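Let us walk through this structure by way of its side-chain contacts. Keep the sequence and the model side by side.

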Amino acid sequence: MDQLHKFLFEGLPVRGMLVRLDASWRDLLQRRRSASDGGHAFAAPVRALLGEMAAASVLMQASLKFNGALILQMQGDGPVKLAVAETLPDLSFRATAKVVGEVRADAQLEAMLNLHGQGRCAITLDPLDRLPGQQPYQGVVPLHGDRREPLQQLSEVLEHYMLQSEQLDTVMVLAADDQVAAGLLIQRLPVTGENNLAGSREANQNNEDEIGLNEHYNRIAILARSLKREELLTLDVDTLLRRLFWEEQVLRFEPFAGDTAPRFACSCSRERVSRMIRSLGVEEADSIIAERGSIEVGCDFCGQQYHFDPVDAAQIFTAPQVQPPVGPVVH
Ligand SMILES: [Zn+2]
């Protein structure tokens, strides 16, 4: 069952989330396999990367509560040129990748995306109510650590992003296979109110409080990091939380399951594809028609095929232009 769980640690400024994508994740993989454009299944490490990215994008969307699309993009200089996962505020997600060349069965992040040290991770927040001319917000982090050491885990890259761009101390554990894509997120809640800078007793007290709260966060972070990928993939939520945090007071919220669960959904449409063809220009469209008799466009995310015969194509350029609806861009 696809599900997202949110929880708090009683009395501590620490929150957690656990996502488990199963039917929706298998749906996504199945569509990729059966895409009629001859789309081949991704190599296992790419499937695992996409699963982790899907789980992470759901966790980050739920954590940032952003009213728009959260788009996680890995831009690589190895065989994986681009990997994308996008989650909307209703927790619907989609993901795809562009791979050129072979990905070895044991490839990690570096071998897939960062062969020459140029790989990067971009997180875009694209508001649903974006005003004309307004740019989406984008943060970019490299795929190496502070000492230029290449990172091998997506979770490390995203923890870096959350700290740098959102000022949020975060622990993420991610794992995916062909059945399940799952993730655990632990986050220190931002402290509200400012310390008194006058050096009063109150300020000292606040500092001591803060050190104490740090210790709590650090303890919970260490527990979270002890979670093994195998456990994350196979244990049910109750067992997992009990095993990890059995000494902590965990307060759980009503899970996002059933109608509110994360789910696979694609926002592609014939209208959007029409706009894309229009942006190619009439000459380019005509030359495709002359060569192939029609224009065929397949969605990389869901495998949907869009067919435009010469009459459809002509209409794209003669019909009055409709204003594009706001929302995430189809890549
Ligand atoms: Zn689609």
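Buried means under 20% relative accessible area, exposed means over 50%, and partly exposed lies in between (1.4 Å probe, protein chains only). The model is predicted: local features need pLDDT of at least 70 and side-chain atom pairs count only at pLDDT 80 or more, while totals for chains, interfaces and linings use all residues. Residues are numbered from 1 along each chain as its sequence is written, and side-chain values use heavy atoms, with hydrogens and water left out.

Start at the metal. Which residues coordinate the zinc ion? The SG atoms of Cys266, Cys268, Cys299 and Cys302 do, at 2.2 to 2.3 Å. Donors here are N, O and S atoms within 2.8 Å of the metal (3.2 Å for Na, K and Ca); water is not among the atoms, so sites may look incomplete. Along the chain, the zinc donors follow the spacing C-x1-C-x30-C-x2-C. Cysteine 266 sits in the loop between strand 12 (263–264) and helix 8, and cysteine 302 in the loop between strand 13 (295–298) and strand 14 (305–308), so this pair ties together parts that are 36 residues apart in sequence. Helices (H or I, at least four residues) and strands (E, at least two) are DSSP runs, numbered from the N terminus. Cysteine 302 is buried at 9% relative accessibility. Cysteine 266 is partly exposed at 23%.

The geometry comes next. The zinc site is tetrahedral, with angles of 104 to 115 degrees among its four donor atoms. The ideal angle for four tetrahedral donors is 109.5 degrees.

Now turn to charge. Side chains of opposite charge can pair when their charged atoms come close. The structure holds 15 salt bridges, each a side-chain nitrogen of Lys or Arg within 4 Å of a carboxyl oxygen of Asp or Glu.

One of them joins glutamate 159 and arginine 225 at 3.2 Å, N to O. Glutamate 159 lies in helix 4 (residues 154–166) and arginine 225 in helix 5 (residues 201–225), so the bridge ties together parts that are 66 residues apart in sequence. Glutamate 159 is buried, at 13% relative accessibility.

Another links aspartate 312 and arginine 270 at 3.4 Å, N to O. Aspartate 312 belongs to helix 10 (residues 310–318) and arginine 270 to helix 8 (residues 270–280), so parts 42 residues apart in sequence are tied together. Aspartate 312 is partly exposed at 21%, as is arginine 270 at 32%.

Arginine 292 and glutamate 291 also meet in a salt bridge, at 3.9 Å, N to O. Arginine 292 is exposed at 61%. Glutamate 291 is exposed at 63%.

Technical notes:
Four donors count as tetrahedral if all angles lie between 85 and 135 degrees; four count as square planar and six as octahedral if opposite donors are over 155 degrees apart and all others between 65 and 115; anything else is irregular.
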